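Here's a quick briefing to read alongside the model. Have the sequence and the 3D view open as you go.

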Amino acid sequence: MQAADLPYTVRNLALSSGSMVAVPTQSKFIRQLFDAMTYFFGRSEGTYSDHFPTSEESPNFPFKGFILAGPPGSGKTEAVIESGRMLYKVLAQEGAEVQLFHVNSANINRKGLGDNEARLRQVFRDGKSQTDKSKRTIILFDDIETLLVKRTDEHTSEWGRSMNGVFFHELDQLITTRTMVIATTNEPNLVDDAVTSRLTLRDAPAPTIEEMVEVSKTCIPIAGANGMTREQLQEKCAALIQSQIDDGEPPSFRLARKSAIEILMSDVVGWNN
Ligand SMILES: Nc1ncnc2c1ncn2[C@@H]1O[C@H](COP(=O)(O)OP(=O)(O)O)[C@@H](O)[C@H]1O
Ligand SMILES: [Mg+2]
């Protein structure tokens, strides 16, 4: 039997973050996301439900979620998932189950006429959990500029317009105490103004060079290699990171990890370019 072709991937929030290195800039950002989600999804004193007891079940409140803008590889996707893991643990204590739907354009794009609109609608339908009031759903629209195109763009097809229409309609129906949209983008200028005006825009910070070096260390052999100690290899990697930053590469977790792999290739495996 074929597995259901869902328009999203359900991320398992009970799993630990694995190889993630906790660094201050990203940890602060994750904390801010966590606090905002706790405010809307929690039910204890000082939360949205406590502050606005009469409007708890209404879609009228104008906050529907965030759009996080930041350079590629700056850890946006990872930050959203990690804040989801934290929220999952904390809200379990009040009997709520947090789930995270991860949506990429590949989850949505299908060939048939109207397929994409139907799939986008299904994301929201499943994410609204009408029947089970203990559920809270984060819908992560990753790299949203690849899913929704700017309507003023002359290349925008009818298709693009109708996808945007579905998105806005569904977003306006959301009840934020149960479902929240978090979109990410590397290209905020390509995102339709109607998206940025409906979601709360926040900058996702890139890691500092020091933090990049910290992350790169996890990809260097613990015992060292080829007569070099671990520290010597780490220093070479730090120098490589610095030189690329000096050459104008934007800081990112991706660059940190890629640099460590270059050192691994050249100094451990012995494959020089
Ligand atoms: N704190 C971290 N420690 C280690 N690796 C990280 C960390 N944050 C992100 N990464 C990794 O860096 C890469 C880029 O992160 P990602 O979240 O995909 O960035 P973005 O979504 O901004 O493009 C991914 O492979 C991710 O797993
Ligand atoms: Mg991403």
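The shell around ligand 1 is made up of 6 nonpolar, 8 polar and 4 charged residues; here Ala, Val, Leu, Ile, Met, Phe, Trp, Tyr, Cys and Pro count as nonpolar, Asp, Glu, Lys and Arg as charged, and the others, Gly among them, as polar. Keep in mind that this is a predicted model: local features need pLDDT of at least 70, side-chain atom pairs count only at pLDDT 80 or more, and totals for chains, interfaces and linings use all residues. Residues are numbered from 1 along each chain as its sequence is written, while chains are lettered from A and ligands numbered from 1 in the order in which they are written.

**Around ligand 1**
- There are 18 residues around ligand 1, with G75, K76, T77, E78 and F253 coming nearest (a residue is near if its C-beta atom, placed from the backbone, lies within 6 Å of the molecule).
- Helix 3 (76–92) and helix 10 (253–269) are the elements that give two or more residues to this shell.
- Domain 1 (9–203) and domain 2 (209–269) each supply at least three residues to the shell.

**The two domains**
- Where they touch, 9 residues of domain 1 are in contact with 9 residues of domain 2 (contact means C-beta atoms, placed from the backbone, within 7 Å).
- On the domain 1 side, that contact has 4 nonpolar, 5 polar and no charged residues.

- Strand 5 (residues 179–185) has 7 of its 7 residues buried, so it is largely enclosed by the rest of the structure (buried means 20 or more other C-beta atoms within 10 Å of a residue's own, with C-beta atoms placed from the backbone).
- T179, V181, A183 and T185 point one way from strand 5, and M180, I182 and T184 point the other way.
- Strand 2 (residues 65–69) runs parallel to strand 5, joined by 5 bridges, and I67 has A183 as its bridge partner.
- Strand 4 (residues 135–141) also pairs with strand 5 in the parallel sense, over 5 bridges (pairing takes at least two DSSP bridges), and I139 is partnered by V181.

**The chain overall**
- The protein chain holds 10 helices and 6 strands, which are DSSP runs numbered from the N terminus (helices H or I, at least four residues; strands E, at least two).
- Of its 273 residues, 37% count as buried.

Notes: Domains from an automatic or database assignment. Buried ≥ 20, exposed ≤ 12 C-beta atoms within 10 Å, placed from the backbone.
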